[in-house]
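Subject: Structure for you to look at

Hello,

Here is the structure I promised to pass on. Please open it first, then read my notes below with it on screen.

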Amino acid sequence: MPYPYVLLSAAVSLDGYLDDTTPERLLLSSRADFDRVDEVRASVDAILIGAGTIRADNPRLLVNSPERRASRVAAGLPPYPLKVTVSGSGDLDPAANFWHTGGEKVVYTTEEGAERVRTLGIAADAVALGPELDWRRLLEHLHDVRGVRRLMVEGGGTVHTQLLRQGLADELQLVLAPLFVGDPHAPRLFGPGGYQGGRLRLLETRRIEDVVLNRYEPTAPGAGPLSVAADRHWLALACALAADCPPSRTAFSVGAVIVAADGTELARGHSREAGDPVVHAEEAALAKLDPADPRLSTATVYSSLEPCAHRSSRPAPCTRLILDAGVRRVVTAWREPNTFVTEADGSGLLAAQGVDVLVLPEYEERAKDPNGHLLRDR
């Protein structure tokens, strides 16, 4: 199921702390950065914080700028984004600022927690996710029921850690403040075990008064049949590569990327690359790698169109090339239509050999774009 774009936002000290242990909240951002955060809040459909942040900081979580609120209203949006919190127990203070400022609120909780929220008379919609909290179900509900397309997550550290560990964060906006906390009892951005999802890609570095904003994108593919945010980023790249293909009346334009388990891009390719009129995208990418590369066994192949199961131009179809390379995971945007091969089912062939095959249909239109002339001719 499609999820919202999940943007994590946090400010930390130079030694990685979110706060100190004094009763007053430690202000890590500068005035200009607080205004930047307000701008980001105004740009999203919902803002999420954990119940622990409500207890510790008692935030209002508002768009403070009247001009930004007016711009939202002019665009047909409510003045404030939906305010979201997560609590397994439902043990929340009904007098907290969170419930009495801004617009609509929703609590995602367990079945038991939902009963407690209703008993406490908290001014919010209580959504039970089942006997335990489930982040994927939460994101699906926000997307499908609440219409949330962009979700800003402002903490705390436990929430950030869980979303990153499960591969559900699309972006991390991390502000680095020029001070040290140095207290082992103070809250950190990541707890024991931290984040073990490989390297993140740096998208932007920006100085804002005396703090520095770093924007990162997770790159490590998922494992098994569940998709993660990085799968969407890599599949989008594969779809973009398809636009580089010389157009053809007898073959699809396809892009492919091969990515190691730690998020390292191993190779990329596209149909009819380098003047070869019959080379396929996956074939072009695999040809750039040593067949003995040990990273292939845990790599993911991203292809804008499912790998071919039959072809007449070369002895081996792309499904056979993928299996021979030892790749056990494939993510694609579009099942092959019957334009050239009837009921090709490359995905089924791979799955029958134990390969995890994911189809992300929300990228199908992007995969079709460079093939519009073929689809119109049908």
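As background, strands of a sheet pair through backbone hydrogen bonds, either parallel or antiparallel.

Please keep in mind that the whole model is predicted.

Next, the overall picture. The protein has 378 residues, and 52% of them are buried. There are 13 helices and 14 strands. The C-alpha trace spans about 70 × 40 × 40 Å along its principal axes. The accessible surface comes to about 17300 Å², and carbon and sulfur atoms hold 51% of it. Take the contacts with a separation of 6 or more: 69% of them join residues 24 or more positions apart. For charge, count 41 positive and 51 negative side chains. The centres of the two sets lie 3 Å apart.

Then there is a glycine to find. Gly 90 sits in the loop between β3 (82-87) and α4 (97-100). Is Gly 90 buried or exposed? Gly 90 is buried, with a relative accessible area of 0%. Which residues does it contact, leaving aside neighbours within four places in sequence? They are Thr 109, Gly 113, Arg 116, Val 117 and Leu 120. Also compare Gly 90 with Ala 126: they are 36 residues apart in sequence and 9.0 Å apart in space, C-alpha to C-alpha.

Now helix α7 (residues 157-165). Its buried residues include Gly 157, Val 159, His 160, Thr 161, Leu 163 and Leu 164. An α-helix has 3.6 residues a turn, so residues three or four places apart point the same way. What covers the buried residues of α7? The cover includes β1 (5-12), β2 (46-50), α6 (135-144), β6 (150-153) and β9. After α7 comes Gly 167, with a positive phi near 70°.

Last, the other sheet. It is open too, with 5 strands in the order β11-β10-β12-β13-β14 and mixed pairing. The edges are β11 (265-270) and β14 (356-359). Each has a single partner strand, so one side of each lacks a neighbour in the sheet. Neighbouring strands are turned by 15° against each other on average, direction ignored. Helix α8 (residues 229-242) packs on this sheet. It touches β10, β11, β12 (300-303), β13 (329-332) and β14, and its direction makes about 145° with that of β10.

Strand β10 (residues 255-259) pairs with β11 in the antiparallel sense over 5 bridges. There, Ile 258 stands opposite Ala 267 in β11.

Best wishes

Conventions
Residues numbered from 1 in each chain as written. Predicted model: local features only at pLDDT ≥ 70, side-chain atom pairs only at ≥ 80, totals over all residues. Heavy atoms only, no water. Helix = DSSP H or I, 4+ residues; strand = E, 2+ residues; numbered from the N terminus. Buried < 20%, exposed > 50% of the residue type's maximum accessible area, 1.4 Å probe, protein only. Contact = heavy atoms within 4.5 Å. Areas by Shrake-Rupley, 256 points an atom, 1.4 Å probe, with all protein chains shown as cover. Lys, Arg positive; Asp, Glu negative; His and termini not counted. Charge placed at Lys NZ, Arg CZ, Asp CG, Glu CD. Pairing = 2+ DSSP bridges. Axes fitted to C-alpha atoms, helices over the stretch in contact; angles between N-to-C directions.
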